[in-house]
Amino acid sequence: MSSYRIQGVTGEWEVVIGLEVHAQVTSNAKLFSGASTEFGAEPNAQVSLVDAAMPGMLPVPNRECIRQAVRTGMAIEAQINKWSRFDRKNYFYADLPQGYQISQLYHPLVGEGSLLIEADEKAGIPADKRIGIERIHVEQDAGKLMHDQHPTMSYVDLNRSGVALMEIVSKPDMRSPAEAGAYVRKLRSILRYVGSCDGNMEQGSMRADVNVSVRKPGDEFGTRTETKNVNSVRFVMAVIEQEARRQVDLIEDGGKVVQETRLYDPDRNETRSMRSKEDAHDYRYFPDPDLLPLDLDDDFLVECRESLPELPDAKKRRYVEELGLSEYNATQLTAEVEGFRRFEDVLSATASALGKGDKDVATQVANWTLSVAPGVLNALGDEAKVENNTAAASAAILKMQDAGEISGGQAKEIYEIVLKTGREPTEIAETEGLKQLSDTGAIESVIDEVLANNADKVEEYRGGKDKLFGFFVGQTMKALQGKGNPAVVNQILKDKLG
Amino acid sequence: MTDLTDLGVKAIRDGVAAGTFSAREVAEAFNANVAAAQDALNAFIVATPEKALEAAEAVDAARAKGETLGKMAGVPIGMKDLFATQGVQTTAASHILEGFIPQYESTVSANLWKAGAGMLGKLNLDQFAMGSSNETSYFGNVISPWRKQGSNAGLAPGGSSGGSSAAVAARLCPAATGTDTGGSIRQPAAFTGITGIKPTYGRCSRWGIVAFASSLDQAGPMARDVTDCAIMLEAMAGFDPKDSTSLNLTVPEWTDGLDADMSGHRVGIPKEYRMEGTDPDILESWDNGIAWLRDAGAEIVEVSLPHTKYALPAYYIVAPAEASSNLARYDGVRYGLRDLPEGANLQEMYAATRAAGFGDEVKRRIMIGTYVLSAGFYDAYYNQAQRVRTLISQDFKAAFEHCDVILAPTTPTASFPLGDKSDDPLAMYLNDVFAVPASLAGLPAMSVPAGLNKDGLPLGLQLIGKAFDEQGVLNAGLAIEQRAGFTARPEKWW
Amino acid sequence: MSVDRETVAKIASLARIQMDDAALDRMVPEFNGILAWVEQLGEVDTSGVEPMTAVIPNHQRLRDDVVDADPLTGGGIRDKVLANAPAAEHGFFGVPKVIE
Ligand SMILES: [Mg+2]
Ligand SMILES: [Zn+2]
């Protein structure tokens with residue numbers, strides 16, 4: 001259980017959080033029209049007659065939008081409703097050309113599901129926790145209003161109007177900003193695994209309505225407020241902190257929390273009431289008579305399920321159980337799509353280069369992709385060329401390292417050159433002299449010299465001063481200019497010192 | 001030479017094809033009638049004589065080249081001003097859309113132009129198709145070409161397709177498009193002695209038709225006889241991927257299938273339609289219809305539609321509810337009227353624009369629709385109405401176990417004087433009492449002229465068919481048409 | 001159920017139809033007349049009856065995810081979209097300034 005508490009004058013308070021995440025469905029065309037969804041077009045350039053709600057225009061749903069929402073539902077192990085339908089949510093606003101939003105209230109496409117947020121001691125999540133998801137429904141996005149272009153007018157751009165959104169509604173299961181942050185991150189990760197949303201919060205592809213209430217631990221739920229359109233994980237957490245604090249102070253001052261819509265101002269880090277939408281509460285939902293109920297057939301559902309990729313939780317389990325990775329590494333590697341894709345590419349390239357099984361090289365590859373490679377990449381910055389960063393190059397480096405031909409340090413150096421130039425790792429090792437010495441004879445003669453030059457230390461070692469072993473290794477490596485294969489050096493030293 | 005404006009769709013099309021006269025001559029003749037009648041009948045909001053000529057010339061040229069001509073080749077028609085027509089003002093007879101020039105063509109009108117029809121103009125109607133007398137038009141009411149014997153009082157052409165009915169009856173066009181939400185093709189057809197059919201919901205695309213009530217709206221032809229309706233419906237109907245509710249079925253060759261022999265067919269007479277207060281003339285014409293269909297070989301059976309009484313109130317919940325939402329887009333932002341009082345904010349602009357742009361009846365229905373959908377009332381009103389609608393639909397299904405087509409009056413009375421019911425919304429609504437049940441069930445239904453009442457005004461008989469069975473409806477209509485021998489036409493006073 | 005003037009005014013505001021006192025005076029009795037009449041639906045026993053969803057049995061078709069497949073429902077037509085706008089400026093629709 002979360003121990004997150006707000007300290008009030010009357011004691012400790014608990015915060016109760018539910019999130020409604022609006023995620024833009026990845027699709028070429030809009031939910032009910034053929035206009036493009038591409039980001040960043042000229043104002044009103046991606047608006048059809050349908051999106052502009054011209055008289056007599058009618059909606060026809062985009063299969064891909066329905067498919068992606070269903071796949072998302074399956075990814076959170078939710079109930080998929082074969083029969084669902086669209087409703088109209090009626091209100092007047094300049095960004096809403098029809099005077100209603102086509103959404104789903106009574107019969108959503110996706111019913112109850114859940115997702116797992118993982119223990120994160122540092123963040124204050126002591127144990128894994130399953131967060132319930134109430135539903136996912138599909139709906140239209142609204143247009144955009146611009147307020148600062150004209151002294152007395154606002155400008156309306158309908159490019160976003162009609163773009164498909166999934167509204168993913170959680171249960172009020174979260175109890176701390178950290179849990180909410182973890183939930184949004186996990187949800188984002190799942191959406192990106194599934195490919196149903198690009199998760200780009202800066203472009204507005206994902207935004208959260210944050211429902212917050214406070215109560216004394218064990219009491220009934222308090223009255224909640226809804227802070228709309230929060231567009232980063234950090235802001236979601238900030239909203240919860242600010243809103244919980246505000247509500248506690250309000251209640252303790254003898255006030256009452258009003259159920260209302262609020263807006264977050266990141267510059268001031270505070271929420272404020274959105275009075276402009278106050279009278280719009282009676283939405284008069286009713287089934288959209290321009291559309292028939294959705295009746296999904298089995299073939300459609302089978303395709304949705306079969307096209308689902310392995311998802312983060314299952315992947316992590318497999319990494320631990322089948323590849324023998326540590327919990328930590330497995331968590332790191334599966335958190336984001338980019339991470340596991342990189343890992344799996346290098347893994348299969350390395351395994352086949354070495355003629356070994358995935359399991360045999362997994363730990364090595366995990367260390368490489370999680371720490372070694374990013375270290376080099378970060379240090380290089382812009383000098384690294386993405387196109388040079390191939391899985392085959394990494395595999396070739398790891399193969400040489402595995403064979404003892406190069407040291408860890410040499411591996412980094414070679415990788416650096418690969419990233420800058422795109423040259424072959426084996427060729428780099430050869431021509432740049434980045435190989436270790438494994439020739440037993442040559443190493444033996446160097447060791448003999450080291451031992452002869454340090455006869456006194458040899459004496460002391462044999463007298464029981466074990467710690468001196470490292471000294472001999474160091475001296476030998478120094479004499480070999482760092483290119484001696486440590487395993488070979490160790491073995492010969494051990495043999496010679498007896 | 002015969003007056004070309006006395007000809008119907010089939011006669012014109014065949015005459016043009018045979019070279020008896022040119023399409024251009026036909027267009028010119030109707031253009032002249034349109035212009036001459038405008039002041040008296042007010043049937044058109046905009047006349048487009050140049051469009052009619054342009055289409056006619058294209059047909060004449062195609063014929064000269066020996067090309068295959070379309071089903072409506074050379075036939076100039078009137079277009080109800082609810083259909084968006086590219087480059088031609090489309091208003092739904094409202095102030096809020098005054099001056100609106102669509103950048104697109106409705107599917108149904110596009111289908112008609114493709115079939116070789118031309119446009120004489122945009123026909124007047126009740127505002128947003130809400131009304132039964134054409135008195136709610138912002139552009140003034142249409143006057144029926146009919147008059148009571150011995151009276152010069154202006155009569156209602158019916159509504160909402162009143163411009164269409166008046167124009168066809170007065171020979172301003174051989175045919176016109178109509179739309180029917182709760183009787184808006186059939187009731188005006190009955191009032192003006194013409195024929196009109198509302199096909200099965202989904203036969204004609206709704207794309208580009210200004211929406212009133214989406215689950216009910218359906219376009220259809222209004223013409224002088226059954227054959228003309230069949231021809232025109234073939235041209236109008238068809239699957240449209242732009243309309244989710246469009247039926248993905250090939251359009252039958254209804255014209256080829258016309259057959260007035262009713263032997264082996266059972267005609268249902270719904271006992272609940274014998275309502276108190278129905279005009280005795282209407283009941284008499286109904287009895288005539290029964291006799292004619294029996295004469296055509298049909299077996300007459302009594303059927304029961306027990307929830308008939310509740311159809312109208314259910315309709316007056318469902319239709320306004322949908323309308324309140326459909327009409328929310330008229331907000332002065334993207335097109336149409338904008339009323340921006342000094343210092344008004346966005347929401348005040350909406351309220352001012354809509355107050356100025358909508359007529360009283362439209363406002364009434366938006367208000368009722370808003371109310372029945374509002375928090376706490378949705379279940380009691382809207383859902384209850386949709387449940388009743390299910391029952392009405394089931395009534396029809398059960399009735400059609402015992403019959404193939406249903407015969408009923410189209411309206412409870414003949415046309416009434418303008419102004420008679422305009423102060424009493426409920427009295428006006430009752431006009432559609434016989435028409436609304438088929439609308440609620442999405443069934444094909446048609447009105448055919450059955451004779452004149454004692455005042456010399458036309459009366460219509462209604463045929464209601466099973467879903468998708470327009471053919472059965474047209475055939476029964478034809479059987480009546482052949483026996484009714486309806487040749488009356490309004491005496492020209494305009 | 002009869003509704004009062006205040007309720008009617010609230011509905012008018014929800015529907016964004018400005019109504020002055022005279023308009024409200026006319027609307028209230030009409031509104032109540034219609035409501036009283038539709039309320040006869042309450043007599044109908046609809047227990048176990050599903051509200052109608054599709055008037056004619058039909059399947060919701062789903063469109064392919066192709067941009068501008070049909071010019072009538074595609075984008076890239078800004079001029080057409082703005083052609084009838086009461087206030088089109090710099091490619092936008094202009095509205096009175098909204099303070100959020
Ligand atoms: Mg929300
Ligand atoms: Zn939403």
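The side chains of E30(C) and R364(B) meet in a salt bridge, with 2.7 Å from N to O, where a salt bridge is a side-chain nitrogen of Lys or Arg within 4 Å of a carboxyl oxygen of Asp or Glu. Between chain C and chain B the count is three salt bridges. The model is predicted, so local features need pLDDT of at least 70 and side-chain atom pairs count only at pLDDT 80 or more, whereas totals for chains, interfaces and linings use all residues. Residues are numbered from 1 along each chain as its sequence is written, chains are lettered from A and ligands numbered from 1 in the order in which they are written, and side-chain values use heavy atoms, with hydrogens and water left out.

Within chain B, strand β10 (residues 445–452) has seven of its eight residues buried, so it is largely enclosed by the rest of the structure. Here buried means under 20% relative accessible area, exposed over 50%, and partly exposed in between (1.4 Å probe, protein chains only), while strands are DSSP runs (E, at least two residues) numbered from the N terminus. Two strands pair if DSSP finds at least two bridges between them. Strand β5(B), residues 195–198, runs antiparallel to β10(B) and is joined to it by three bridges, with I197(B) standing opposite M446(B). The strands β10(B) and β11(B) form a hairpin with five residues between them, and in its turn G456(B) has a positive phi of about 80 degrees.

Another sheet includes strands of chains A and C: four strands form an open, antiparallel sheet in the order β8(A)-β9(A)-β2(C)-β1(C). Its edge strands, each pairing on one side only, are β8(A) (144–146) and β1(C) (88–89). Three bridges link β8(A) to β9(A) (residues 153–157) in the antiparallel sense, and K144(A) has D157(A) as its bridge partner.

In chain A, the magnesium ion (ligand 1) is coordinated by E20(A) (OE), D209(A) (OD) and E226(A) (OE) at 2.0 to 2.4 Å; donors are N, O and S atoms within 2.8 Å of the metal (3.2 Å for Na, K and Ca), and water is not among the atoms, so sites may look incomplete. These donors follow the spacing E-x188-D-x16-E along the chain. D209(A) lies in strand β11(A) (residues 206–215) and E226(A) in strand β12(A) (residues 225–230), so the pair ties together parts that are 17 residues apart in sequence. The magnesium ion (ligand 1) and the zinc ion (ligand 2) are separated by 5.1 Å.

| Residue | Relative accessibility | Class |
|---|---|---|
| D209(A) | 2% | buried |
| E226(A) | 13% | buried |
| C65(A) | 0% | buried |
| C197(A) | 2% | buried |

A search of the whole structure finds zero disulfides over all chains, a disulfide being a pair of cysteine sulfur atoms within 2.5 Å. The sulfur of C65(A) has its closest cysteine sulfur in C197(A), at 12 Å, which is too far for a bond.
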